[in-house]
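Hi everyone, thanks for making time this morning. I'd like to walk you through a structure, so please have a look at it while I talk.

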Amino acid sequence: MGETILKYNRLYDTVLEITNGRDTTYIDVITDRIIRFFTPVEDNDWTSRAIEEDKHKHVAFEIVAEGERLVVITACYKIYVSDDLAIDIRDMSGGSVVCDYTGKRTKQKRITDNGLALLEAEGHSGSQEEKPAFSVLKKLDGDEKFYGLGDKTGYLNKAGYEFVNWNTDYPQVQAESVKALYKSIPFVLVLKNTCCYGLFFDNTYRNIFNMAQESRDYFAYHCYGGDKNYYFIGGNTLPDIVSGYTYLTGTTPLPQLFTLGHQQSRWGYSCAQDILEVAKGYRDNDIPCDVIHFDIDYMDGYRVFTFDENSYGKRGQIFSTIKEQGFKSVCIIDPGVKKDTGYFMYDEGMAFDYFTHNTDGTVYENAVWPGDSVFPDFGKKEVRDWWASKQQILMECGVDGVWNDMNEPASFKGEIPPEIIFYDEDKAATHAKVHNIYGHNMARATYQGIKEATGKRPFVITRACYSGSQKYTTVWTGDNMSLWAHIQMAIPQLCNLGLSGISFAGTDIGGFSHDTTEELMCRWVQLGAFSPLFRNHSALGCIYQEPWRFSKRTMDIYREAVKLRYSLIPYFYDLFYTGQSTGLPVIRPLVLHYQNDVNTHNLNDEFMVGENLLVAPVVNQGETVKKVYLPAGNWYDFYTGKEYEGGKYYLVDAPLEMCPVFAKEGAIIPTYEVVNYVGEKAYDTIRLIVFPGQGEYIHYQDNGTDYACEQGEYNLYRFTSEKNGSEVKTELIHEGYEKYGEIIFLLRGYGLV
Ligand code: MIG
């Protein structure tokens with residue numbers, strides 16, 4: 001073995017500059033387990049839009065020469081750099097974790113390869129045959145499972161598929177052949193037989209993730225601009241990887257309690273009367289509901305931050321009327337500002353030069369709902385501040401949350417050309433660079449504005465986003481359809497969003513476009529009752545989708561599912577509370593907690609809510625018996641307490657009335673009284689359902705609205721149970737808020753039911 005030709009220079013305490021005389025690369029030791037690899041290609045831009053704080057832990061590491069290679073050694077990993085600057089990451093005992101593929105790119109052969117053009121709606125294209133600016137290839141052993149990547153189409157495990165990160169409005173059928181949707185989360189978790197790891201490619205340009213599809217020999221990341229900039233995230237388990245990724249990009253903050261309630265939306269509620277009917281429908285039919293969403297219909301000619309007073313009455317009136325009945329309001333806001341002299345948003349934006357530009361310096365125009373429109377340049381701080389200040393207009397009228405749509409950005413007259421000038425903070429950049437963070441910046445401005453205007457925890461929902469958006473916004477998965485294929489896809493989408501740091505997410509329940517059916521509605525609301533964002537939404541032109549528009553049986557099933565959700569609100573809230581520090585999502589694929597059990601690796605039709613509940617909704621038309629896999633341990637039917645031994649498949653009765661749910665041994669599940677809406681009555685009593693086994697459960701309680709909790713105004717309880725259930729204990733481990741009047745334990749599954 002020769003000697004290394006590599007030279008290194010320790011630039012800062014964490015950053016090594018390594019050169020082989022020809023090329024230079026950088027290794028940045030963020031923590032023992034998180035290593036950043038940076039090679040300048042086009043911009044030499046080290047800044048991040050996903051990671052906002054300095055995350056370096058300044059850990060000690062060693063650099064040694066080993067034959068021809070240089071080795072960087074942290075407490076957890078050895079990073080070998082060879083003279084061609086290829087990276088090989090090994091664990092401390094020398095086991096291979098992930099290593100650059102240095103062979104030739106060998107695409108799998110196919111009969112023809114004409115590069116079929118994907119014609120997409122609104123002129124957006126998710127595919128690009130151009131040569132990438134650079135690629136990163138990682139060698140595959142063959143047993144890799146791939147998770148994450150946000151809410152891409154298809155199944156939980158992405159092995160064998162290629163996806164494109166280019167935020168895309170895609171209103172056609174979203175089958176697994178569709179490569180790009182609304183969000184770009186360039187993060188993948190890889191599970192092998194021997195280890196697991198994550199790769200986060202923090203680059204906002206168009207990029208492609210190819211998971212053993214181009215070639216079985218390597219994973220490929222192809223990127224169309226910017227720099228080679230990615231993070232290796234190590235750990236022993238998948239939860240370590242999720243925590244590592246959210247350590248970098250941030251966790252989902254605790255939401256207001258009402259946001260966990262059931263919500264009704266519809267494109268086409270065209271006047272105050274329509275809204276009042278919905279409110280009445282819910283109360284008359286005894287179906288809990290907290291929020292009514294106002295789609296684009298409420299605006300005056302689709303001008304953002306205006307109100308159609310002809311159809312909805314005096315400004316703000318409708319919001320206060322429904323507030324009296326216990327409903328909160330969420331209003332949609334799109335980014336496009338109507339080109340309309342005399343309209344304050346247009347005039348102000350023009351006066352202060354807040355819109356994006358053509359290369360000749362004129363303001364760029366395209367069309368969206370209001371017709372010819374211009375686009376706020378959200379990459380500029382002053383534009384975000386302006387947009388933030390406008391949230392006040394909605395808040396003053398009594399609006400409680402803001403729904404950001406069309407922020408890919410979508411545009412009706414063809415996609416915005418790549419060279420259009422968009423700012424990236426204080427630098428002029430291009431649409432090509434900033435497209436994927438446009439929605440992120442819009443949601444961030446919205447969050448900031450609501451927080452300033454109300455002092456409450458902002459409720460923002462967005463369609464487009466990027467890594468790190470979870471700090472500011474919840475998401476929904478965009479325009480699904482009332483198809484069985486789409487209720488099936490909802491589970492992997494929500495699970496992979498969760499693994500990608502986005503815990504607060506939901507799908508349009510019942511399906512957005514196309515007409516739903518009674519059966520699909522029932523199954524979707526049963527699943528939706530366990531989605532963090534629980535919203536029934538549908539498109540203009542479809543049949544009505546509110547529960548009372550169906551048969552009595554369907555409405556009864558709907559009511560039952562919603563009531564189950566309302567009883568479980570404290571469990572969901574607790575998951576958000578713990579998720580703030582762990583980064584772990586509310587909805588989880590089984591593989592997250594049972595990664596050594598191969599039966600979980602491709603499980604697409606079950607999920608966990610936290611660690612204690614396993615939900616197995618029926619997602620096939622006509623099915624009334626559900627095949628359920630229960631992993632190791634003892635499990636209990638959530639409703640009856642019937643015991644099941646884990647590590648097996650079961651056929652479980654699941655008539656239309658039934659969504660199978662199981663509790664893990666030792667589970668202690670907090671429940672509240674079912675109310676018509678959060679805040680109708682004080683939650684003075686908590687009931688804990690205690691299942692057999694040794695259990696411990698931490699429960700969090702606060703006012704559910706603002707930031708008083710940061711001043712210590714909250715309670716933290718520890719509940720424990722002994723194996724035979726004879727002893728249950730309560731300890732108050734933090735006291736700072738009004739305590740429950742009553743704490744009741746309900747034993748279930750002890751044969752005492
Ligand atoms: O071009 O505002 O995904 O939820 O109802 C359609 C109307 C625009 C797309 C959103 C959908 C919303 C609809 N919007």
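Predicted model: local features only at pLDDT ≥ 70, side-chain atom pairs only at ≥ 80, totals over all residues.

Arg 463 puts a polar side-chain atom 2.9 Å from an oxygen atom of the ligand. Asp 479 also has a polar side-chain atom by a ligand oxygen, at 2.4 Å. And how much of the ligand does the protein cover? On its own the ligand has 350 Å² of accessible area, and the protein covers 97% of that.

Now to the helices. Two packed helices are described by the angle between their axes and the distance between the axes.

Take helix 8, residues 484–499, and helix 9, residues 518–528: their axes cross at roughly 5° and come within 11 Å. Angles under 35 degrees count as roughly parallel, so helix 8 is roughly parallel to helix 9. On the helix 8 side you'll find Trp 484, His 486, Ile 487, Ala 490 and Ile 491, and they meet Glu 519, Leu 520, Arg 523, Trp 524 and Leu 527 of helix 9. That contact has 7 nonpolar, 1 polar and 2 charged residues.

The other pair is helix 10, residues 552–567, with helix 11, residues 569–582; here the angle is about 55° and the axes are 4 Å apart. That angle makes helix 10 oblique to helix 11. Helix 10 contributes Arg 565, Tyr 566 and Ser 567 to the contact, and helix 11 contributes Ile 569, Pro 570 and Phe 572. The classes here are 4 nonpolar, 1 polar and 1 charged.

Finally, the backbone. Most residues other than glycine have a negative phi, and most peptide bonds are trans. Leu 149, not a glycine, has a positive phi of about 65°. You'll find Leu 149 in the loop between strand 11 (145–148) and strand 12 (161–165). Then there is the bond joining Glu 408 and Pro 409, which is cis, with omega about -5°. Pro 409 sits in the loop between strand 25 (401–404) and strand 26 (421–424).

Notes
Residues numbered from 1 in each chain as written. Heavy atoms only, no water. Axes fitted to C-alpha atoms, helices over the stretch in contact; angles between N-to-C directions. Helix = DSSP H or I, 4+ residues; strand = E, 2+ residues; numbered from the N terminus. Parallel < 35°, antiparallel > 145°, perpendicular 65-115°, else oblique. Contact = heavy atoms within 4.5 Å. Nonpolar A, V, L, I, M, F, W, Y, C, P; charged D, E, K, R; others polar. Polar contact = N/O pair within 3.5 Å; in protein donor to acceptor, adjacent residues only side chain to side chain. Areas by Shrake-Rupley, 256 points an atom, 1.4 Å probe, with all protein chains shown as cover.
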